[in-house]
Amino acid sequence: MQNAGIHGKLYRWLKFFLTDRTIQTKVNDGISSKEVLEEGLPQGSPLSCTLFLLFINDLPDLISLEKALYADDLVLWHTSKHPNVSRRRINEELAILGRYCDEWKLKINYSKTVYSVFTLSSKVAKQKQNISVQGHQLEKDEHPVYLGVKLDTRLTLKEQMKDIKKKANNRLKLLKRLASTSWGADKETLRQLYLGYVRSTMDYTLALQSISSKTTRSALDKTQNHALRFISGALRSTPTAACEIHTNIEPMHLRREAAVVETYERYRRQERDHPNRKLVESKRPAQRIQKKSILTVTDELKEKY
């Protein structure tokens, strides 16, 4: 009853917020008629995000599964040795989510709502699960993207690293074009452009990159090594360490290690009931030698340094 009262107050607040607001669409020279906005939130308003977050603030409390909520992007997951158990539990929670959306007039984007199976078993990975929400059958996505990270069935981040390398190489080509013009660009200019435009793409998910394979990481390191030789004007035979010293740019493996340690220490300093701190303090032992987590990498760095 308390949640219903809160939603009632927010609903009246939204009605007041939307009073006398109209929308109109323009395509080329055509302009639609003005429509009164009776529900929803106006795009671009500074209060829209805050009001929406307040409106769905009680949604995570209704879901008993593991979940992560970022703005309007919700992900649910369940871990079990038996896929049938996970399918049943997820369908039960999706039914609760569907009733919540029906009651408070929230629309689910079915085209963006998918499910994935993360397993080391190729047989289980190929199976399709009967998962639905509000009567709509969900499609299976082998490589779902969440908050800009492309996941895969075995959580190797191989596809994510490929996308990062492709994006970094494309930006590096533009950087080379700047240096090949008639006016050219000096070393310091190229260095700043590389740090802000190229390496910024490789810095995304640095901590997660540490759990990918050595071959995958080395492929991304080659992109920076190539850029350092280009910035310093060195030959291909020049040692990579000399280029790093000359350009004053630290190697990628050191940045990954620093990101892992920083993430671990930041989680340890959260509130005691924070999920990230609980995750760090209740670490599970690794069951497979070749499969690492960020916490495993942290332990290795403690022994190394």
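**Exercise 1. Determine which residues Ser-86 touches, not counting residues up to four places away in sequence, and state whether Ser-86 is buried or exposed.**

Step 1. With contact taken as heavy atoms within 4.5 Å, Ser-86 touches His-78, Thr-79 and Ser-80.

Step 2. Ser-86 belongs to helix H4, residues 83-103; helices (H or I, at least four residues) and strands (E, at least two) are DSSP runs, numbered from the N terminus.

Step 3. The relative accessibility of Ser-86 is 11%, so this residue counts as buried. The classes are buried, under 20% relative accessible area, exposed, over 50%, and partly exposed in between (1.4 Å probe, protein chains only).

The model is predicted: local features need pLDDT of at least 70, side-chain atom pairs count only at pLDDT 80 or more, and totals for chains, interfaces and linings use all residues. Residues are numbered from 1 along each chain as its sequence is written, and side-chain values use heavy atoms, with hydrogens and water left out.

**Exercise 2. Describe how S5 and S6 pair and which nonpolar surface patch includes Tyr-70.**

Step 1. Strand S6 spans residues 73-77 and pairs with S5 in the antiparallel sense over five bridges; pairing requires that DSSP finds at least two bridges between two strands.

Step 2. Opposite Val-75 in S6 stands Ala-68.

Step 3. Two residues separate S5 and S6 in their hairpin, and Ala-71 in the turn has a positive phi of about 60°.

Step 4. Tyr-70 lies in S5, residues 66-70. Its relative accessible area is 54%, and Tyr-70 is therefore exposed.

Step 5. Together with Leu-147 and Tyr-204, Tyr-70 makes a nonpolar surface patch of about 330 Å². Patch residues have over 30% relative accessible area and no salt bridge; like charges are joined within 9 Å, and nonpolar side chains (Val, Leu, Ile, Met, Phe, Trp, Tyr) within 5 Å. A salt bridge is a side-chain nitrogen of Lys or Arg within 4 Å of a carboxyl oxygen of Asp or Glu. Areas follow the Shrake-Rupley method with a 1.4 Å probe; for residues, only the protein chains shown count as cover.

**Exercise 3. Locate the kink in helix H7 and identify what covers the buried residues of H7.**

Step 1. Helix H7, residues 187-202, has a kink of about 40° centred on Tyr-194. The bend at a residue is the angle between axes fitted to the seven residues ending there and the seven starting there.

Step 2. Tyr-194 is itself buried, and the buried residues of H7 also include Leu-190, Arg-191 and Val-198.

Step 3. Their cover includes helices H6 (158-179), H8 (206-209), H9 (214-232), H10 (240-247) and H11 (252-268).
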